[in-house]
Amino acid sequence: MSEFRRALAEGKIFVLDGATGPVLQAAGMPAGMAPERFCLEQPAVLKDIHAAYVGAGADMITTATFGGSRFKLPGDIEPRRFNRIMAELAVSAAREAGRKVFVAGNVGPSGFFAKPLGELEPAELIEGFRAQIRGLVQGGVDCIFIETQFDLAEARAAVVAARMECDLPVLVSMTFEQGVSLTGSSPEIFAQTMLNLGVDALGTNCGAGPEQMRAVVETLLACSRIPVLAEPNAGLPELVNGKTVFRLPPEAFAEQTAAFAVAGGQLLGGCCGTTPEHIAALRRRVDGMRLHRHERPIASGITLTTRSRLVSIGGEAPLAIIGERINPTGKKTLSEQLQAGEFTQALLYADEQIHAGAQLLDVNVGAPLVNEAEVLPELVQRLTVRHDIPLALDSSNAQAIARALPYCPGSPLVNSVSGETGRMEELGPLCRLWGAPCILLPLRGKKLPVMAAERIAILEDLLLQAEALGISRRLLLVDVLALAVSAKADAGRQCLETIRWCVREGLPTVIGLSNVSFGLPARELINAAFLAMAAGAGISSCIANPGNLQIREMADCADMLLHKDLHAARFIAGYAAWTPQSAGTGAASGQAKPAAATSLHEAVLRGDRENVITLLEAELAGGAAPFALVQEKLIPAITEVGVRYERREYFLPQLIRSAETMQAAFARLKPLLEQEQTTVFRPIVVLATVEGDIHDIGKNIVALLLSNHDFDVVDAGKDVKAEDIVETACRHKASIIGLSALMTTTMVRMEDTVQLLKKRGLPIKVMVGGAVLTRAYAESIGADGYAADAVEAVRLANSLVSI
């Protein structure tokens with residue numbers, strides 16, 4: 001065990017360091033200069049900052065490598081070398097402390113979204129982080145600190161990169177706003193995904209002061225048995241005499257942050273606006289404190305996640321139905337489409353099963369002439385952007401599973417790991433690396449294990465293999481192996497005995513329900529009856545057709561009778577109108593086969609890129625005017641998407657998908673609008689990330705939405721000087737300039753553009769936005785408006801052009 005892991009296990013409360021950017025500015029870093037370049041050119045200044053935090057009492061300091069990946073570094077700085085040098089500087093400062101001070105290798109966000117949400121391949125993202133982490137390890141860091149993450153998929157990719165490069169402890173911190181991350185993950189979803197990945201500590205930083213961060217920290221403490229860290233800001237930034245300041249003074253910051261230690265937080269530090277004085281005050285507050293190890297329940301079973309969905313299987317969780325329909329066996333149309341690389345039928349099956357109540361989707365593309373290693377990853381991408389439901393990757397082809405795993409943004413299920421020689425060695429490390437729970441299948445050789453004792457023997461061996469590979473029990477789900485009672489008369493009873501053994505061992509279970517009735521009449525009746533018996537024995541989940549009403553009704557009854565439906569609330573809500581005549585019809589529970597999107601409005605709301613063009617062509621064939629379709633159907637639909645985003649019914653993935661659907665429709669209509677010679681005034685907006693700042697995710701999302709709301713957008717890029725921004729606006733006759741900044745060190749550059757426009761007497765409006773900005777700050781620099789997000793930016797732009 002490393003010294004750092006030992007200190008965590010012993011309950012040491014760690015005081016971490018604070019912000020680097022503002023301290024660099026105070027030490028003379030020129031405004032607009034990349035901090036990474038300044039640190040390379042002025043290593044003595046950086047070492048003095050590290051020493052100041054050590055002198056303030058920090059137990060751990062972080063390397064100045066927040067922007068140290070190839071995605072953010074200036075092109076002439078080689079990532080591995082830069083990170084090694086920064087790590088060596090921090091290690092040198094720590095060694096001169098006269099006491100043990102740990103060094104954390106800092107890994108910040110890339111600034112990109114990985115596929116399928118963005119354009120970056122997950123493998124590229126991982127390789128970029130690996131190069132950075134390689135340099136940090138060579139520089140001698142004690143742990144890897146992945147921080148300020150806003151997307152679950154990227155946080156997961158960074159952990160995978162760390163595991164590929166080293167066996168150092170890994171800490172991961174996510175930033176939340178109003179209780180969710182930028183892409184819609186709750187603190188619990190983040191925590192459960194990180195626990196599946198086996199990180200050493202998790203927490204939150206940035207985005208809020210300690211008081212505003214309290215609810216998130218409490219949630220993380222409630223659902224995690226590993227150390228929790230918290231690094232709040234010193235309040236929100238304000239512009240005072242041309243400088244960015246944070247109002248929360250050291251003593252108040254320390255008092256509020258130290259409260260996290262009382263609640264059970266083990267690693268406490270500061271983010272934006274904090275200085276060595278803040279950390280010294282925090283040190284004084286926590287000195288003498290003992291870690292409060294509050295009892296937290298150990299969750300039994302497995303947890304599967306996507307960006308915005310969490311599904312638990314086992315323990316006290318309701319019986320989960322895993323949709324079985326995306327499987328080409330016996331489905332000619334699906335097989336033919338998969339062979340042709342076409343996914344219409346698979347996506348339809350997904351839609352129907354989710355509407356019917358499936359909590360997960362099993363995804364199997366194993367048909368003759370189908371290259372699973374290519375088709376499974378592609379279908380997974382389509383399903384991931386279409387639905388937020390966890391997937392079970394079902395294949396005997398290990399390469400197909402390995403290639404599909406990176407496209408799942410959270411913790412998917414791997415189906416399955418059998419007792420066949422080499423199967424655990426092949427898939428087990430993959431599941432551990434990606435934090436993906438897997439199904440253990442008690443099969444070995446050609447002989448089916450009919451008796452429960454035979455299955456249990458195989459399962460015990462698989463459990464020993466998993467333990468030897470370091471695979472946590474929280475990643476294991478047992479398939480109890482339903483065999484056809486038509487062939488093996490005792491198969492049902494032996495299956496039930498296997499379930500009972502798993503319950504005694506604390507293992508969650510799954511059953512392929514339809515197997516039991518194979519070769520018999522009234523199969524749905526048999527399946528429903530056996531599900532009731534299995535539920536009584538303790539089954540956790542079943543792979544079945546959720547469109548089978550008897551199965552669904554039996555599962556709902558079982559949950560209520562087994563006290564897995566608190567106060568019978570779900571049952572009453574679903575069956576209050578039940579009568580003997582409605583049994584098996586779905587009428588009581590309100591279930592009906594979902595209708596496909598029947599309008600452009602609905603297609604945009606759903607983000608249905610696959611079908612929007614078909615619907616559009618039908619409208620055109622029916623005589624609809626292109627201009628009317630844009631103004632009366634598409635624009636109102638995307639506006640409704642924005643409203644749902646603001647109400648937090650939609651999150652960033654849905655917003656992007658709907659906007660892209662709208663774009664696809666508009667691209668089809670554009671030549672028709674030109675043929676009609678319809679003159680539509682589209683105001684021009686120039687967007688740019690200001691000088692010294694290379695973060696452009698927010699800017700790109702704003703551009704996407706503005707282009708869908710009758711604006712022509714000119715993207716001037718990132719790290720753009722004020723002179724170039726104004727010149728671009730003049731060249732394109734822009735009505736509005738939109739400025740973005742993510743860092744407190746670069747937000748001051750926004751005023752340069754405002755002042756330059758005033759100096760030249762140009763009537764161009766300026767709107768600003770970014771995570772560190774406030775409305776008060778925008779007013780203080782003379783901007784014409786501030787937008788907190790992309791939806792508000794559209795509303796603001798419309799108001800500015802109407803002035």
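K12 sits over the face of F14, with 5.6 Å to the ring centre. Keep in mind that this is a predicted model. F14 also belongs to an aromatic cluster, together with F4 and F102, and a search of the whole structure turns up eight aromatic pairs. Here's a quick tour of that cluster.

**F4 and F102**
- These two rings make an edge-to-face pair, 5.3 Å from centre to centre and with 70 degrees between the planes.
- F4 comes from helix α1 (residues 3-9) and F102 from strand β3 (residues 102-107), so their pairing ties together parts that are 98 residues apart in sequence.

**F14 and F102**
- This pair counts as tilted because the planes meet at 50 degrees, which falls between the cut-offs of 30 degrees for stacked and 60 for edge-to-face.
- The ring centres of F14 and F102 are 5.8 Å apart.
- F14 is part of strand β1 (residues 14-15) while F102 is in strand β3, so here the link joins parts that are 88 residues apart in sequence.

**Putting it together**
- F102 pairs with F4 and also with F14, and the three rings form one cluster.
- On the F14 side, K12 lies over the ring face.

Technical notes. Residues are numbered from 1 along each chain as its sequence is written. This is a predicted model: local features need pLDDT of at least 70, side-chain atom pairs count only at pLDDT 80 or more; totals for chains, interfaces and linings use all residues. Side-chain values use heavy atoms; hydrogens and water are left out. Rings of Phe, Tyr and Trp (its six-membered ring) pair if their centres lie within 6.5 Å; planes under 30 degrees apart count as stacked, over 60 as edge-to-face and the rest as tilted. Helices (H or I, at least four residues) and strands (E, at least two) are DSSP runs, numbered from the N terminus. A charge sits over a ring if NZ of Lys or CZ of Arg is within 6 Å of the ring centre and within 35 degrees of the ring normal.
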